[in-house]
Amino acid sequence: MKHPRSRQLPALVLLALTGVAASRSGAARPAASASASPDSLRTHLVLLGTGTPNADPDRWGPATAVVVDSTAYLVDCGVGVVRRAAAAQRDDHIPALAADRLDRVFITHLHSDHTLGCPDLLLSPWVLERDRPLQVWGPPGTARMFRMIQQAYSEVIAVRINGLEPIDCLGWRAEVHEVLPGVVYRDSLVTVTAIAVHHGSWTHAYGYRFDTPDRSIVISGDTRPTDSIVQACDGCDILLHEVYSAEMFKHRSPAWQRYHAASHTSTTELAAIAKRAHPGLLVLYHQLFWGATPDQLIAEIRSAGYEGRVVSGKDLDVF
């Protein structure tokens with residue numbers, strides 16, 4: 001597996017709806033591996049999309065993959081998620097990101113920029129020979145969203161199933177698990193814990209922590225500063241956190257300042273979070289630059305007193 005961008009850093013249609021009771025017990029942390037070489041690790045964090053609602057052609061919709069051995073666990077479905085996964089499969093030699101293997105996703109919240117790729121993730125891998133339902137974990141409201149997606153595409157699904165295409169009858173389905181904060185998924189490779197965060201007017205918004213055999217990774221989702229992220233990280237190997245420029249925020253209108261302050265995290269606030277959370281590596285994503293550069297974001301974090309390892313992530317970075 002190559003690391004060209006981060007070498008410097010070690011189913012009208014029936015929906016199968018399955019409820020999952022969320023445990024509130026924490027997952028055991030594996031040994032930290034911040035200093036390990038990327039090629040020696042079983043777990044990798046792949047930034048499929050680092051964008052926002054802003055139409056930045058270099059940053060596709062927010063989507064992340066935690067890849068453990070040959071299995072990929074996606075977080076969020078921004079625009080372009082399937083093609084970004086294909087790019088990472090090709091360019092970084094990550095077979096787990098082949099389209100027909102994309103079958104698990106964890107949704108942080110239902111904002112459009114984080115979910116516009118859901119029809120893509122549901123239907124494109126099915127056409128490309130995924131032979132099993134898409135497994136989805138997310139907050140209340142996720143099941144209804146997927147029911148509506150499948151209703152919208154019901155004619156397409158019927159034509160593909162009943163027409164001439166040699167296509168499987170299961171791969172278009174979604175099995176949606178609406179979850180509460182706590183441990184929401186566990187298999188032999190990973191334990192996934194949903195973390196309640198505060199994001200504007202949303203009643204339910206989550207971050208996620210992934211504990212694997214060799215790494216602990218916390219993904220903030222969209223959130224204003226919250227102690228739950230600090231507590232969930234607590235020395236984690238990687239903290240992937242959203243951010244906006246504190247300096248450029250000063251030039252936003254009062255209405256947008258009110259929104260962003262209640263919904264997102266500034267560079268200054270993130271520095272304070274990171275100083276308490278002690279991640280082995282802080283990775284910025286979902287960056288609201290407003291004219292700032294990636295280096296300026298890092299400089300703002302440094303100026304706020306954070307001295308740990310930090311990088312501003314780009315699409316297709318691998319850590």
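Two exercises with worked solutions follow.

This is a predicted model, in which local features need pLDDT of at least 70, side-chain atom pairs count only at pLDDT 80 or more, and totals for chains, interfaces and linings use all residues. Residues are numbered from 1 along each chain as its sequence is written, and side-chain values use heavy atoms, leaving out hydrogens and water.

**Exercise 1.** Describe how helix H9 packs with helix H10.

Step 1. Find the helices, which are DSSP runs (H or I, at least four residues) numbered from the N terminus: H9 covers residues 267–277 and H10 residues 294–303.

Step 2. Their axes, lines fitted to C-alpha atoms over the stretch in contact, with angles from 0 to 180 degrees between N-to-C directions, lie 8 Å apart at an angle of about 55°.

Step 3. H9 and H10 are therefore oblique to each other (under 35 degrees is roughly parallel, over 145 roughly antiparallel, 65 to 115 roughly perpendicular, the rest oblique).

Step 4. Contact (heavy atoms within 4.5 Å) involves Thr267, Leu270 and Ala271 on H9, and Leu297, Glu300 and Ile301 on H10.

**Exercise 2.** Which cysteines form a disulfide, and are they buried or exposed?

Step 1. Apply the cut-off, a pair of cysteine sulfur atoms within 2.5 Å: Cys233 and Cys236 qualify, with sulfur atoms 2.3 Å apart.

Step 2. The angle about the S-S bond is -85°, a left-handed link.

Step 3. Both Cys233 and Cys236 are buried (under 20% relative accessible area, with exposed over 50% and partly exposed in between, using a 1.4 Å probe and protein chains only).

How values were computed
Helix = DSSP H or I, 4+ residues; strand = E, 2+ residues; numbered from the N terminus.
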